[in-house]
Amino acid sequence: MMIFQDNVIKEYLKNVYFITGTPCGGKTTISRELARRHNLFVYDIDEQFPNHQKISSPAFQPSMNKVFQDADSFFGRTVEEYKKWLIDNTREQLDFVLLDLIRFSQNRIVLCDCHLTVKEAEKFTEASRIVFLIKEPSNLMEDYCNRPDHQEFNDFINSASDTAKAKAVCNAALKNLNEKRCKDIKDSNYYWIERTCSSTIRETAEKVERHFGFVTNDSI
């Protein structure tokens, strides 16, 4: 991670609003809905990963450059190995993300669909410019694979010789990783919304709008 003082980063990111949280919490859906409502630019770090990977270095970003021969080698890792790889990938990409956000947000508001932790939020932004959207992490893999924008991953995991085992490894890694993140978020002073079976896009978007100050209670 590059060394900058936190106040410097926060100043350069003052036009960035972060929509973060845990998998399947609704980050992408709500980011796109707010962008539609307010004509804003969405920066999705998952969509940017291939671009960042191209300019990354195996010496400095080894996880981003790790090559897997097939689905069996990818999902054949232990839960701890898979979890560590996920964490390291996100950390390595963060340098690229911060530089992009500084560049893209100079003269406009940017909605960043991302994976910040509570500790990272403290470094990069103010509480008024971030929301955590979370979901109970018991069976994230089915939700993840059923999303239209994740069909490439769904096809990949189903190409494993033991699909059930591959999904079990993913589920266990995501559950282990996100149980702690959910607890950290709920124990923090940050604004968070937990997705349930009764959650609606409109209701969640309106809550985030109010938190960000895009609208007032009277205007909804």
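I counted two rings of Phe, Tyr or Trp (its six-membered ring) as a pair if their centres lie within 6.5 Å, with planes under 30 degrees apart called stacked, over 60 edge-to-face and the rest tilted. The model is a predicted one, where local features need pLDDT of at least 70 and side-chain atom pairs count only at pLDDT 80 or more, while totals for chains, interfaces and linings use all residues. Residues are numbered from 1 along each chain as its sequence is written, and side-chain values use heavy atoms, with hydrogens and water left out.

Aromatic pairs. I got 15 of them by this rule. I looked up tyrosine 17 with phenylalanine 214: the pair is edge-to-face, at 5.0 Å centre to centre and 65° between the planes. Tyrosine 17 is in strand E1 (residues 16-21) and phenylalanine 214 in the segment after helix H10 (201-212), so the pair ties together parts 197 residues apart in sequence. I took helices (H or I, at least four residues) and strands (E, at least two) as DSSP runs, numbered from the N terminus.

Helix H3 with H5. I fitted axes as lines to C-alpha atoms, for helices over the stretch in contact, with angles from 0 to 180 degrees between N-to-C directions. H3 (residues 45-54) and H5 pack at about 90°, with axes 10 Å apart. H3 and H5 are therefore roughly perpendicular (65 to 115 degrees; under 35 is roughly parallel, over 145 roughly antiparallel, the rest oblique). The contact (heavy atoms within 4.5 Å) is made by Ile45, Gln48, Phe49 and His52 of H3 and Asn89, Gln93, Phe96, Val97 and Asp100 of H5.

Helix H8 with H9. H8 (residues 151-158) and H9 (residues 163-187) pack at about 125°, with axes 8 Å apart. That makes H8 oblique to H9. Phe153, Ile157 and Asn158 of H8 meet Thr163, Ala166, Lys167 and Cys170 of H9.

Cavities. I used a 1 Å grid over the protein atoms alone: a cavity is a set of points where a 1.4 Å probe fits but cannot get out, and lining residues have an atom within 4 Å of a point. Grid points are joined across faces, edges and corners, and a volume is the space filled by probe spheres set on the points. I found two cavities of 30 Å³ or more.

Key:
1 Å grid on protein atoms, 1.4 Å probe; cavity = no way out; pocket = protein on both sides within 12 Å on 5 of 7 lines; lining within 4 Å.
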